[in-house]
Every structure is written in structure tokens, then in C-alpha cells.
Amino acid sequence: MFRSPFRMFCVAAATIAVSLSVYAAVHSASRNPLDYEIHDMNRPMAPVVTPGTFSENCKPPSDAIVLFDGSNLDMWNGKWDVKDGYVKVIPKSGDLVTKQAFGDCQLHIEWSADPDSKGNAQHKSNSGVFLMKIYEIQVLDTYKNENKTYADGQAGSIYGQYPPLANPARPAGDWNAYDIIFHRPHFDQNGKCVKPATATVFFNGVLVQDNEAIIGPTSHAKRTDYKAHPDKLPLKLQDHRDDPIRYRNIWIRPLD
Ligand code: MG
């Protein structure tokens, strides 16, 4: 069949190349949420990285709106517990929601998982940063991927849509920082979404969401289509009714 060693080599090399490309296509982690069922347990978890010390407990820039400086909840509606420079979720007390509404923004927020949590999976220090009360950047104790859950529900995920690109979470009790750049969705006069919301997220200084197009409101176990809403809505922090996780040093820079 092979008249020369060279031809045999060419056929073998081509076969290997095709096989490798097929393998890569099947096994590489797609960023398209629609390539996966929501909360697909087979979706690859984000690779663990050890973060540096960038961005933790940083001082806000002079033009930021300080939403929480450790002293009071004057900028918020809700009844969480303020002490020692942080605010702690009182489970089952309800969410914390800003009095002011925001659209496009740069947001800095720090959070610390509960070291005494008895929960697991989505019940281990679950909370969330909801841009416009609708689009959730997940907060969860997923330090070193030891808490088994679905990739699109890891800390730093756009919940139910995009796992983080990396997992730089610190252990429960330590502080984590999110720096989020968010652009709101745009709707036409008929209420049709003509430009999806986007989010870029740095997690402890590590890029975990790279200008991802959010495919609709984030929700548990179902994907929903955009529905027209105002250009500005409040920021919400989630009471998931489990653990008393902590937040501190929250500031925002409206970009519109
Ligand atoms: Mg959550």
C-alpha cells in the first residue's frame, strides 16, 4: 500500500493531525454557554491558581461612590450586621440592595466565606453580586475546587452561564476581591434586546471573565431570555439563606 517510507510517514502524520484536532474540538472547554446544559456537572472546573496580593482592601479612587466603608449601611436597604469594618449576611433576613440605581459601572467589592460553614456544594457560603439586581456574579466557597459543585456556579462565574477562567479563591475566612466592569443590555422600542450585557471580572487580581456577553438574566436551573428593563437598577447582594458570609470595601464608578 505504501510505496515509500516517506509516503507512509505523510499518511501517519496526517492521521495524527486530524485525530488531535478532533480530540481538541471535543475536549476543549467551550466558552459558549449554549454548548452545555445549565449546571452541567461534566463542564470543566476552572484551573486553580494562587492569587497574589493585588487589589485587596484597596482605597477607593477619588471619584468612586463609596457604597460601604465599614461603618454603616446608609447607602443600602436591608438589615445585615455591621461590625469590625465589615457587613455580615444575617441568613434569612433578605438581600441587601443599594438605594441608588446603576447601569454601566466599575465595581469593587470584597467578600469572605464563612470558615464555620457546615454546608456543601451550592450551600457553602453562597451569596452573589447581582448587577442591576438581575445578573449574578457568583459568590461561593470554592477554594481549590475542594467544594464539589458545577463549574457555572463556582465563585467568579456568571451564574449558570460562564465558569470563571481560573479559580484564584482564597480559603474561607480570608478576604477575596472582585473588580467588575459591567455594561448593561440595550433594548429597542419593542423591548427586544439589541445589545447584551457584558461583564469583565478580576478575582483577586486574576482575570476570570473576559468581556463575556451575558445571554439573559441569570437564574437557577433554567435559562431565561432578556426582558426589557430600565437603564439603571440597584445593585443587590444575595442572602442565600445559608451562611453568614462577609462583605467589605464596596465602591462603584458609574461609567455612563
Ligand atoms: Mg449565589
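What share of the contacts in the protein chain with a separation of 6 or more is accounted for by residues 24 or more positions apart? The share is 66% in this predicted model.

**View 1. The protein chain as a whole.** The secondary structure of the predicted model comes to one helix and 15 strands. The protein chain has 256 residues, of which 38% are buried. Residues 24 or more positions apart account for 66% of the contacts with a separation of 6 or more.

**View 2. The open sheet of five strands.** The strands follow the order β2-β5-β14-β7-β8 and pair in the antiparallel sense. The edges are taken by β2 (76–77) and β8 (135–139); each has a single partner strand, so one side of each is left without a neighbour in the sheet. In the order of the sheet, β7 stands between β14 and β8.

**View 3. Strand β7 and its burial.** Five of the five residues of β7 are buried, and the strand is mostly covered. Ser127, Val129 and Leu131 point one way from β7, while Gly128 and Phe130 point the other way. In a regular strand the side chains alternate between the two faces of the sheet. Residues of β7 that point either way are buried.

**View 4. Pairing of β7 with β14.** Strand β7 covers residues 127–131 and strand β14 covers residues 233–237. The two strands pair in the antiparallel sense over two bridges. Val129 stands opposite Leu237 in β14. Val129 is one of the buried residues of β7 and points the way that Ser127 and Leu131 do.

View 5. Five bridges join β7 and β8, and the sense of the pairing is antiparallel. Phe130, which is buried, stands opposite Glu136 in β8. The hairpin has three residues between the strands, and Met132 takes a positive phi near 55°. On the sheet, β8 is an edge strand with a single partner.

View 6. Gln106 lies in strand β6, which spans residues 105–112. Is Gln106 buried or partly exposed? Gln106 is partly exposed, because 16 other C-beta atoms lie within 10 Å, whereas a buried residue has 20 or more. Leaving aside neighbours within four places in sequence, Gln106 is in contact with Ile181, Ile252, Arg253 and Leu255. Ala199 is 93 residues from Gln106 in sequence, and the C-alpha to C-alpha distance between them is 9.9 Å.

Definitions and conventions:
Residues are numbered from 1 along each chain as its sequence is written. This is a predicted model: local features need pLDDT of at least 70, side-chain atom pairs count only at pLDDT 80 or more; totals for chains, interfaces and linings use all residues. Two strands pair if DSSP finds at least two bridges between them. Helices (H or I, at least four residues) and strands (E, at least two) are DSSP runs, numbered from the N terminus. A residue is buried if 20 or more other C-beta atoms lie within 10 Å of its own, exposed if 12 or fewer, and partly exposed in between; C-beta atoms are placed from the backbone. Two residues are in contact if their C-beta atoms, placed from the backbone, lie within 7 Å.
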